[in-house]
Amino acid sequence: MYAVANYKMNGDKEFFLSQVQELNKIDTKDTKIVLCPPFIYLPFFKVNERISLGAQDVANAMKGRSTGQVSATMLKEFDAEYVIIGHSERRSNGETNTQIVDKVKCALELGLIPIICVGELNKNSGNDEIFEQVDAVLKNIDHSSKIIFAYEPVWAIGSGDIPTTEEVKNVIDNIKSRAKEMNFDIEVLYGGSVDEKNFTTFSKAGADGFLLGGITLKTERFIELIKGMDNE
Ligand code: PGA
């Protein structure tokens, strides 16, 4: 099970140094912890071998005229192994499926594992949007690529309003069967208001782990969640 921390644009050096110190003390069996801080903090994350690093985005080109962007090569240089791509907070700023596919390709070229976010905007908007986002990626990369999807209903992010186990299971099963039809072997995380109390709702739905936002800013509760996942 993955516990992927998306700190978003939160935290500061002092917070991260002290959280990493606490996380380094946890002895996990089956939980893979992946920490994705804002780019600039990556060099301060001195983690043990049980913890991996990731970024929250990557450029859709390897180098060149892209003011403000960070390339896959640069992320590799600072020990990132994973990268979140297509988070709804970026899609809502105009990021398109085409740009997302290019980012996924850049990440894969450097051996980074993309965690691709997909999800419907509104509670009642149905699943078409999700599968369009999934297909855009699957149709444009090699089936042997190691990728992870994160199903994040946009309305559930940071809201405390969560879908049912059945709803999440239905989406995860659908993403997995679409991927299987195209010979991909993928994992699917769930994200959106996951905490130390409700996570079993989503593990029961077949999620291979969680993309975590708000809870990562509360170190004690974040650790409680990781330990809970590990004891499941
Ligand atoms: P949340 O964020 O856990 O605060 O809902 C999740 C995410 O945006 O990845």
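**View A. Helices α5 and α6 are roughly parallel to each other.** Angles under 35 degrees count as roughly parallel, over 145 as roughly antiparallel, 65 to 115 as roughly perpendicular and the rest as oblique. This is a predicted model, in which local features need pLDDT of at least 70, side-chain atom pairs count only at pLDDT 80 or more, and totals for chains, interfaces and linings use all residues. Residues are numbered from 1 along each chain as its sequence is written, and side-chain values use heavy atoms, with hydrogens and water left out. Helix α5 covers residues 128–138 and helix α6 residues 165–181. Helices (H or I, at least four residues) and strands (E, at least two) are DSSP runs, numbered from the N terminus. The axes of α5 and α6 come within 11 Å and cross at roughly 25°. Axes are lines fitted to C-alpha atoms, for helices over the stretch in contact, and angles run from 0 to 180 degrees between N-to-C directions. The crossing of α5 and α6 is right-handed. A crossing is right-handed if the near helix is turned clockwise from the far one by less than a right angle, and left-handed if anticlockwise. On the α5 side, I130, F131, V134, D135 and L138 take part. They meet V171, N174, I175, R178 and A179 in α6.

**View B. Helices α4 and α5 are oblique to each other.** Two packed helices are described by the angle between their axes and the distance between the axes. For α4 and α5, the axes come within 9 Å and cross at roughly 45°. This crossing is right-handed. From α4 come N97, I100, V101 and V104. They meet E132, Q133, A136 and V137 in α5.

**View C. Helix α5 is largely enclosed by the rest of the structure.** How many of the 11 residues of α5 are buried? Eight are. Buried means under 20% relative accessible area, exposed over 50%, and partly exposed in between (1.4 Å probe, protein chains only). The buried residues are I130, F131, Q133, V134, D135, A136, V137 and L138. They pack against α3 (88–91), α4, β5 (113–118), β6 (148–151) and α6.

**View D. D57 and K103 form a salt bridge.** Their closest N and O atoms are 2.9 Å apart. D57 sits in the loop between β3 (51–55) and α2 (72–77), while K103 belongs to helix α4 (residues 97–109), so the pair ties together parts that are 46 residues apart in sequence. A salt bridge is a side-chain nitrogen of Lys or Arg within 4 Å of a carboxyl oxygen of Asp or Glu. The structure holds 15 of them. D57 is buried at 6% relative accessible area, and K103 is buried at 4%. K103 also forms a salt bridge with E95 (2.6 Å, N to O). E95 is buried too, at 10%.

**View E. K197 and E196 meet in a salt bridge.** The N to O distance is 3.5 Å. E196 is buried, at 11%. Elsewhere, salt bridges that share partners join D57, R90, E95 and K103 into one network.

**View F. N198 is buried in a loop.** The loop runs between β7 (187–191) and α7 (199–203). N198 has a relative accessible area of 13%. A polar atom of its side chain lies 2.8 Å from the backbone oxygen of S193. Leaving out residues up to four places away in sequence, N198 touches I162 and S193. Contact means heavy atoms within 4.5 Å.

**View G. Y190 is buried in strand β7.** Its relative accessibility is 0%. Y190 and A207 are 17 residues apart in sequence, yet 5.9 Å apart in space, C-alpha to C-alpha. Setting aside neighbours within four places in sequence, the contacts of Y190 include Y151, P153, I162, F202, A207 and F210.

**View H. K8 and N183 have positive phi values.** Most residues other than glycine have a negative phi. Phi of K8 is near 55°. K8 lies in the loop between β1 (2–6) and α1 (13–24). Phi of N183 is about 65°. N183 lies in the loop between α6 and β7. Buried or exposed? K8 is buried at 19% relative accessible area, whereas N183 is exposed at 56%.

How values were computed: A polar contact is a pair of N or O atoms within 3.5 Å; within protein, one must be able to donate a hydrogen and the other to accept it, and residues adjacent in sequence count only if both atoms are side-chain atoms.
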